[in-house]
Amino acid sequence: MYDVLIIGCGIVGAAAAYQLSRYQLSVCVCERYNDVANGCTKANTAILHAGFDCPVGSLEARLNLRGIELAKEICEKLDVERISMPTFIIAYDNPRELQYIEELYRRGVSNGVQGLRIVDRDEALCLEPALNPNIKAALYAPGSGIVNPWEYCIAMAETAVINGAQVKLESEVTAIEKKDGYFVVTTTSGVYEARYVVNAGGGWSAQVYELVGGHGLHQTNFAGQYFVLDKSQGEKLHSIIFPCPDEHGFKGICVTPTVHGNLLVGPDCYEAADGDHVGTDPSTLENLKAEGHRSMPGIDFREVIHEYAGVRPNTQIPDFVIGEAPECPHFINLAGIKSPGLSSAPAIAEELETILRGCGLEMKRKEQFVDSRKRIRFRSLDEEAKREAIRKNSLYGRIICRCETVTEGEIVEAIHRPIVPRSVDAIKRRCNAGMGRCQGGFCGPRVHEILARELGVSQQEILMDEQGSFLLTSVIKEQQEEETANENRV
Ligand SMILES: Cc1cc2nc3c(=O)[nH]c(=O)nc-3n(C[C@H](O)[C@H](O)[C@H](O)COP(=O)(O)OP(=O)(O)OC[C@H]3O[C@@H](n4cnc5c(N)ncnc54)[C@H](O)[C@@H]3O)c2cc1C
């Protein structure tokens, strides 16, 4: 019997597990994918929003502001890449846009966002020379930042596991039965019992809610596609740029650096059937270019190295849906966590703690709570530290990913961490191998071999990413050799 069973291990489920693992509670997280951070958390803009555009008085506004404060502390303690960086909402000489930034300014001030200013064209260009020089003014928000969204999620999930939580992958929750004082949760990996159940199902949270008879949520998923550009473009920009929304209220195409030094352009917005609809297509992507150039004319789209899409887990309710389900006591929804969900996640987890206390769950602090995590990023070490790392473990002397300078030592270390990666992309999310210009063209086969060797399985069992994404189907050469040997014997 678990005290708390969390459904979903995106950023919200991971933050919830991390928060609860401070207490003397048995916590289990069931995730339907074969890795954590594989839903919406894997494909977003990775911005820690300053909080100026959330509706005044909303849960989103409060949790966004608290979340980005907590993010500073958590990223520092758990060694997650985060960079503070201002946001510009740019306005052209157009009354609608100029009024919009004034309104955003007032909203931000009401939300308690610090440091907001409306700056004129010259000051904006002085602060960020990459901006389009034709703008008239901009809302300047210095309190935002960017983060590595996978590492943020993985780090919190790993720390929860180190502190006793269990993460069960490939465990899709298919039924929940309410008994007297506890739940029986059926998953694709087994049946578990828990006193409290938390719905952190992202784009599937309405369906998860339906498993306990909840019918008040309708999932309306909106997808968005992105271009990822080489570091040659990322180094041109040191801020996050948004245009003003169009007449239909669409937020517009963002241009932002990533923590790895690349440039992102996107996302657009169109309705998708569900959270799994993450395909990209050339005609949709083509539309991003003009919008990207309108914010930052210097982008060279010949430097695109990758494309991806994410699906926003919206519901018909314009705010986050957080609280104990009225029709099912002790079942707590952390549902419909659309943007700024990445920014708000640790604050959502604090909110969960308060709700669970209110429901009667006793929480006693653990005497020993491990709240730190370190990993070697060989590329960013100085020469002496590099030599020292290689002296201690020669695997740090073998570069596997040449584009991103990722060593075999980092890959092996990632494989032996508390949540074991089993695919080439899971390694990419943990230590960047395959993220560079060649997108794994050189290092992919090496990573594949290392995974099989370290996990003690055949190479045929290693996946590209999700369940079923096998890279090799059968051994050809050995079969041929065997057949020739047989023929010779005949
Ligand atoms: C295009 C886009 C851009 C965004 N940009 C930003 C941004 O810049 N800043 C920001 O703050 N936010 C942003 N967001 C929002 C942010 O990404 C989300 O709010 C956040 O990732 C939601 O996290 P989650 O854990 O709720 O969902 P997810 O990451 O989707 O996790 C939910 C998990 O639940 C699992 N699950 C579902 N059903 C079941 C089941 N039955 N059994 C077991 N597991 C289940 C899923 O497999 C999934 O892993 C953006 C979102 C999108 C799509």
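Predicted model: local features only at pLDDT ≥ 70, side-chain atom pairs only at ≥ 80, totals over all residues.

Biologist: OK, how many residues surround the ligand, and which are the closest?

Modeller: There are 42 residues around the ligand, and the closest are Gly8, Gly10, Gly39, Gly202 and Gly341. A residue is near a molecule if its C-beta atom, placed from the backbone, lies within 6 Å of it.

Biologist: Which helices and strands each supply at least two residues of that shell?

Modeller: Those are helix H1 (11-20), strand S18 (304-315) and helix H9 (341-358), and the largest share, 4 residues, comes from S18. Helices (H or I, at least four residues) and strands (E, at least two) are DSSP runs, numbered from the N terminus.

Biologist: And how do the shell residues divide into nonpolar, polar and charged?

Modeller: The shell has 19 nonpolar, 18 polar and 5 charged residues. Here Ala, Val, Leu, Ile, Met, Phe, Trp, Tyr, Cys and Pro count as nonpolar, Asp, Glu, Lys and Arg as charged, and the others, Gly among them, as polar.

Biologist: Back to H1, how do its axis and that of H5 cross?

Modeller: The axes of H1 and helix H5 (residues 149-162) come within 8 Å and cross at roughly 30°, where axes are lines fitted to C-alpha atoms, for helices over the stretch in contact, and angles run from 0 to 180 degrees between N-to-C directions. The contact joins residues of H1, including Ile11, Ala14 and Tyr18, with residues of H5, among them Tyr152, Cys153 and Met156; two residues are in contact if their C-beta atoms, placed from the backbone, lie within 7 Å. The residues of this contact of H1 with H5 divide into 11 nonpolar, 1 polar and no charged.

Biologist: New topic: what is the strand order in the open sheet of 3 strands?

Modeller: The order is S3-S8-S4, with antiparallel pairing, and two strands pair if DSSP finds at least two bridges between them. Strand S3 (47-48) and strand S4 (82-84) stand at the edges with a single partner strand each, so one side of each is left without a neighbour in the sheet. S3 and strand S8 (residues 145-147) pair over 2 bridges, and Leu48 stands opposite Gly145 in S8.

Biologist: What about the hairpin of S10 and S11, which residue takes a positive phi there?

Modeller: That residue is Gly181, with a phi near 90°, in a hairpin that has 4 residues between the strands. Strand S10 (residues 173-178) and strand S11 (residues 183-187) pair in the antiparallel sense over 5 bridges, with Glu177 opposite Val184 in S11.

Biologist: Is Ile299 buried or exposed?

Modeller: Ile299 counts as buried because it has 21 C-beta neighbours inside 10 Å. A residue is buried if 20 or more other C-beta atoms lie within 10 Å of its own, exposed if 12 or fewer, and partly exposed in between, with C-beta atoms placed from the backbone. Ile299 sits in the loop between helix H8 (282-295) and S18, and, leaving aside its neighbours within four places in sequence, it is in contact with residues including Leu229, Leu263 and Val265.

Biologist: And Asn134, buried or exposed?

Modeller: Asn134 counts as exposed, with 11 C-beta neighbours inside 10 Å, and its place is in the loop between helix H4 (121-127) and strand S7 (137-141).

Biologist: Why is H12 largely enclosed?

Modeller: Helix H12 (residues 424-431) has 8 of its 8 residues buried, so it is largely enclosed by the rest of the structure. What covers these buried residues includes H5, strand S22 (406-407), helix H11 (408-415) and helix H13 (444-455).

Biologist: Last one, where are the cis peptide bonds?

Modeller: One joins Gly266 and Pro267, with omega about -5°, and Pro267 is found in the loop between strand S16 (263-266) and strand S17 (270-271). Another joins Ser339 and Pro340, with omega about 10°, and Pro340 lies in the loop between strand S20 (331-335) and H9.

Technical notes. Residues numbered from 1 in each chain as written.
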